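Subject: Structure handover

Hi,

Here is the model you asked for. Please open it alongside this note; my findings follow below.

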Amino acid sequence: MKFSQVAVFATIVTTTVGFDPSSITRRQPSMALGTFDLKRRQKFNKILKEVRVNPTKEVVEKTLLNDDTSDLIKKCNWKLRKAMIRKVNKMAREFGGEVEDGFGIPLTQEDWEAKKRQEKVSYLAVKKAKLEATAEAEKQRKEKKSAKKAKKAANMASIEGKIKKSKLKEESTETATKPVVIESTNNDVEEVSKSVEAREVTVLMIKELREETGAGMMDCKRALVENNGDDEAARDYLRMKGLAKADKKASRVASEGKIVVAKKENKSVMVEVNCETDFVARDTLFTSFANSVATAALEVESEEISSLTSAEIDGSTIEDSRQALVAKIGENIQVRRFVCREGAGNNIGSYVHMDRIGVMVEIEGGSEDLAESIAMHVAAMNPLYAVPEDVPGDVVEKEREILKAQALESGKPPEIVDKMIEGRIRKYLEEICLVSQTYVRTNDRTVGKLLEENGAKMVGFTRIAVGEGIKKKEDNFAEEVAQMTSGN
C-alpha cells in the first residue's frame, strides 16, 4: 500500500470514530435564550414568594393570576412554561382561585393572525371616525367663514349705499344753491354768489384724499374740515403740514438707512439715504424712495447733493417727495450723499452688502464680473487706498516717524534701523493698499496678482457705509433712572 493510500485510510477511520450521530439532532440553546429564561424564572419565583407571605385567595388572584404573570409565562421556553403553569394551577386549587383558559399559553399562528386582523379592523374604524369628525369640523368652519364673508359683503354694500346717497345729496345741494341778486340804492344790479352752507365732509371724500396724498385718515379728515370740503385746499393744507413736520424732525439723528446702486451704460451711482430706525429702512415706501433717488442720480451731472435733491421724480422734486415721506412715515429722512463713477472703456463693478455697505470698483480691462468680485473683497477688508501711489506722503512720513522711534528703542545701529524702517513701511503699505492685500475669496494670491492674471489694471474704488461719520445718540439708562428718582 502506498503512503498516500495509508493517509486517506487513516483520515476516514479518524472521522468515523469521532462522529457522534446524536449531535445532529441535539439542540444547543443560545446563551441569550438561557439568560432570559433565568431572569423570567427569578421573576416568577419572586411572585410566588410574595404570595406565600400572605397566602389568601385575594392575593393569589391579584398577584399570581393576572395578565402580567400570564405574559411572563408565555415568553418562556415550553419546558419552563409547563412547570410554571403546573405551579400556578396547584396554588390556585389550594386557595380556591380560578385559572382562565389559555393562561400562560401563547397564541397559535392562526389565533395571532385573527387577533391582528381584529386589531386592524378596530384601528381602521377609529381612524374612519376621526376622519369623519375632521371633515365635519372643516365643513362647519367653511360654513362659518362663508357666513362671515357674506355678512362683511352686506356691510360693505350698506356702506357703499350710504356713500352714494350722501354723494347724491351733495349734488342736489349744489344744484339747489343759486346766486342771490341784490339791488343797490343806485339801481345797479350785481350778482353775489354765496354758499348756503359749507360742504359736508363724507367718507368717500376722505378716502379719495387719502389715496391721492397717502396721508393718515384723521389728517385727511382734519384737512377737509378745515377747508370746508375743498379738495385742492385740503391738499395744500396737508402739504404745508408735511413741511412743518419735516422741519420739526430734521434735527433728529438719522443714522440708519440703506445704500442703493444704479447703473446706466458706462455710468454707475451709489446713493445713501438715511432714516432713524432700521425698521423704516426695510419699509417698502422707504425702499421705493431710495431706488427712485438712485435712478434720478444717473441723470445728474454735478456731484453736489443740492443738484440731486432738486431733480424731479414722478412729477415732483426729490426734496418734495422726501418731505411727503417724512409726513407719512413720521421719521427724519435725509438724502445724505451720492457718488458716481463714469469711465469710458473701463469696467465698473458694484456690490452692496446687506443694504449697509456699498462698493464700486473701476478697473481697466478684465470684466465686470471681476470688478464685482473685487468689490466684495473691498466690502469685507476695507482697504484705505487702491495702490501705493495713492497713499499721501504725509501719511507715509508720519508712519515712518512712529516706526523710527520704535526701532531706536531697540538699541541697534542706525544702518540696521533704516533697513528695519523700510521693511516695515513696505508691510504697512501692503496692509492698507488693495492691490497688495490677499484676495479674501481664495486666500492664495493678492488682488494685484488676480488683476494681472485677467489682464486688468486697478483704476480706483469707492466704499461707503450707512451712518459712518454720524454721531449717534447714546442713552445712559443708569443716568435716566437716577434723574427720575432724584426728581421724585
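The accessible surface of the chain comes to about 33800 Å². Carbon and sulfur atoms hold 53% of that surface. Areas come from the Shrake-Rupley method with a 1.4 Å probe, and for residues only the protein chains shown count as cover.

This is a predicted model: local features need pLDDT of at least 70, side-chain atom pairs count only at pLDDT 80 or more, and totals for chains, interfaces and linings use all residues. Residues are numbered from 1 along each chain as its sequence is written, and side-chain values use heavy atoms, with hydrogens and water left out.

The chain has 488 residues, and 28% of them count as buried. Buried means under 20% relative accessible area, exposed over 50%, and partly exposed in between (1.4 Å probe, protein chains only). The secondary structure comes to 19 helices and 10 strands. Helices (H or I, at least four residues) and strands (E, at least two) are DSSP runs, numbered from the N terminus. Take contacts between residues at least 6 apart in sequence: 60% join residues at least 24 apart. Contact means heavy atoms within 4.5 Å.

First sheet

β3, β4 and β7 form an open antiparallel sheet, in the order β3-β4-β7. Strands pair if DSSP finds at least two bridges between them. The edges are β3 (256–264) and β7 (334–342), each pairing on one side only. The twist averages 15° from one strand to the next. Angles run from 0 to 180 degrees between N-to-C directions, with axes as lines fitted to C-alpha atoms, for helices over the stretch in contact.

Helix α12 (residues 284–297) packs on this sheet and touches β3, β4 and β7. Its direction makes about 145° with that of β4.

β3 and β4 (residues 267–275) pair over nine bridges. Val261 stands opposite Met270. Lys264 has Lys267 as its bridge partner.

Cores

The largest nonpolar core has 26 residues. Such a core is a set of buried Ala, Val, Leu, Ile, Met, Phe, Trp, Tyr and Cys residues joined through side-chain atoms within 4.5 Å. Val271, Phe289, Leu308, Ile318 and Ile333 touch the most other members. α12 gives the largest share, seven residues.

Look at Phe289. Beyond its neighbours within four places in sequence, Phe289 contacts Val273, Ile318, Ser321, Arg322, Leu325, Ile333 and Val335. A second, separate core of 22 residues includes Val387, Leu434, Val435 and Tyr439.

A buried asparagine

Asn332 is in the loop between α14 and β7. Asn332 counts as buried because its relative accessibility is 2%. A polar atom of its side chain lies 2.7 Å from the backbone oxygen of Arg252. A polar contact of 3.0 Å joins the side chains of Asn332 and Gln334. (A polar contact is a pair of N or O atoms within 3.5 Å; within protein, one must be able to donate a hydrogen and the other to accept it, and residues adjacent in sequence count only if both atoms are side-chain atoms.)

β8, β9 and β10 form another open antiparallel sheet, in the order β8-β9-β10. β8 (347–353) and β10 (456–465) each have a single partner strand, so one side of each is left without a neighbour in the sheet. Nine bridges join β9 (residues 357–365) to β10. Glu362 has Gly460 in β10 as its bridge partner. Helix α15 (residues 368–381) packs on this sheet, touching β8, β9 and β10. Its direction makes about 40° with that of β8.

Best wishes
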